Amino acid sequence: MKNKFLLLMVVGIVFFASCSDDDDKDSPKDFSGIYSTTSTDRVLDLKYSDAAFIGKSVDFNSADGKSATLKLQGVVPGECETVFSSVPLESGSSVYTFSAENKNDSRTVTLEGSIVKGKLTVNVNVKFAQNELMKTWDFSSVKMAWTPHDYPLTEVDLGFTKMKITTGLLATMAPTMLAKELKNYLQNVTFREDGNIVAAYNTATATEENPEPEADWQMSPLNLAQYCVKDGVCYVFLSLDMIMRQVDMDQEGRSTDTDPILGAIEQLLTNGIPVQFEKTEGDGKGALYVYLDQVLLKQLGPLLPMVESLIPEDMAFEASFLGKTISVPIGPILENLPGALEVTTAMQVGLQFKGAE
């Protein structure tokens with residue numbers, strides 16, 4: 001009898017101890033909250049197309065501990081929020097894993113990941129439906145048009161006389177110079193099916209010992225620039241955090257005195273930069289013209305003071321006019337740009353590409 005009593009006590013202790021352990025075990029219900037790549041309390045380890053993606057957040061919520069709702073905040077190009085509902089949670093020790101799919105006519109989004117106390121890991125993959133841009137395009141030239149043509153921007157001393165540089169004249173001279181410079185840095189651009197835009201660019205740096213180094217073409221990292229096509233317009237989304245990390249800039253060092261400028265940038269980053277495009281068929285590879293129009297360029301007006309402050313006072317570009325190379329100062333042009341944009345009725349500034357082999 002005594003042995004049976006002791007056995008029952010042991011069984012009871014083990015039973016209640018195990019129940020206590022279950023009660024003390026962290027549940028997904030305790031993990032609900034917003035996880036961010038910049039947070040130290042609720043850390044988000046986010047990957048998009050198997051590449052790190054910072055500056056984003058994911059809202060995780062589990063009401064019953066068995067399933068969860070995940071809301072991706074600005075992760076998928078063109079979507080402020082992408083929602084995955086009733087996602088099953090698989091328990092494994094203190095880690096809970098999950099996978100889900102969200103699909104519509106324009107794209108398929110899949111995710112998989114895990115959550116533990118204080119950290120959410122999410123891997124996102126997206127596949128967009130085929131569009132006109134989705135291929136690699138080789139850079140060919142620059143194109144520019146500006147109406148009215150006669151608005152004065154600056155003047156150049158030719159020695160025997162002074163020549164006025166107007167909007168129309170600048171639109172005629174600038175593309176050749178810009179194309180020549182861009183060809184040294186930009187080889188091609190690829191619009192990927194996952195919504196990423198990647199470019200082959202030259203990373204070689206000129207030095208005093210080697211002023212014209214051999215080109216070193218590299219592909220830009222993923223998730224710096226993304227796009228989606230809606231109603232015939234390409235909306236480009238720039239990840240400021242990813243870009244700043246790429247160029248090794250310290251985000252905490254930004255001045256708070258530029259709130260209006262940063263506000264304009266933030267709006268473009270959130271809603272996307274509307275880029276117009278025209279595609280033509282030709283030699284089997286086709287041609288592409290992508291450009292910004294006067295509507296967007298006028299919206300960029302608040303950014304002009306920042307651009308002007310970054311340009312040295314004596315900075316100029318060389319252009320060819322009547323067989324003669326002339327130096328055109330940039331400072332006065334930037335000073336007169338607000339007035340020129342105010343009277344502008346039509347404007348296009350863009351890049352021309354040819355379909356790659």
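**Entry 1: Gln226**

I began with Gln226 and, leaving aside its neighbours within four places in sequence, found it in contact (heavy atoms within 4.5 Å) with Tyr48, Phe53, Val75, Pro77, Gly195, Asn196, Ile197, Tyr235, Val236 and Phe237. Before going on, I noted that this is a predicted model, where local features need pLDDT of at least 70 and side-chain atom pairs count only at pLDDT 80 or more, while totals for chains, interfaces and linings use all residues. I also noted that residues are numbered from 1 along each chain as its sequence is written, and that side-chain values use heavy atoms, with hydrogens and water left out.

Where does Gln226 lie? I found Gln226 in strand E17, residues 225–230. Strands (E, at least two residues) and helices (H or I, at least four) are DSSP runs, numbered from the N terminus. Is Gln226 buried or exposed? Its relative accessible area is 4%, so I wrote down "buried". My cut-offs, with a 1.4 Å probe and protein chains only, are under 20% for buried, over 50% for exposed, and partly exposed in between.

**Entry 2: Asn131**

Next I looked up Asn131, in the loop between strand E10 (119–128) and strand E11 (136–147). Asn131 counts as buried because its relative accessible area is 19%.

Then I checked the polar contacts of its side chain. These are pairs of N or O atoms within 3.5 Å; within protein, one must be able to donate a hydrogen and the other to accept it, and residues adjacent in sequence count only if both atoms are side-chain atoms. I saw the Asn131 side chain reach the backbone nitrogen of Leu133 at 2.8 Å. A polar atom of that side chain also lies 3.1 Å from the backbone nitrogen of Met134. Not counting residues up to four places away in sequence, I listed Tyr227 and Val229 as touching Asn131.

**Entry 3: Salt bridges**

How many salt bridges does the structure hold? I found five. For each, a side-chain nitrogen of Lys or Arg is within 4 Å of a carboxyl oxygen of Asp or Glu.

One of them joins Arg192 and Asp194, with the closest N and O atoms 2.8 Å apart. Arg192 is partly exposed at 31%, whereas Asp194 is buried at 4%.

Another pairs Lys47 with Asp45, at 3.6 Å between the closest N and O atoms. Here I noted Lys47 as partly exposed at 30% and Asp45 as partly exposed at 26%.

I also looked at Glu281 and Lys279, whose closest N and O atoms are 4.0 Å apart. Glu281 is exposed at 65%, and Lys279 is partly exposed at 31%.
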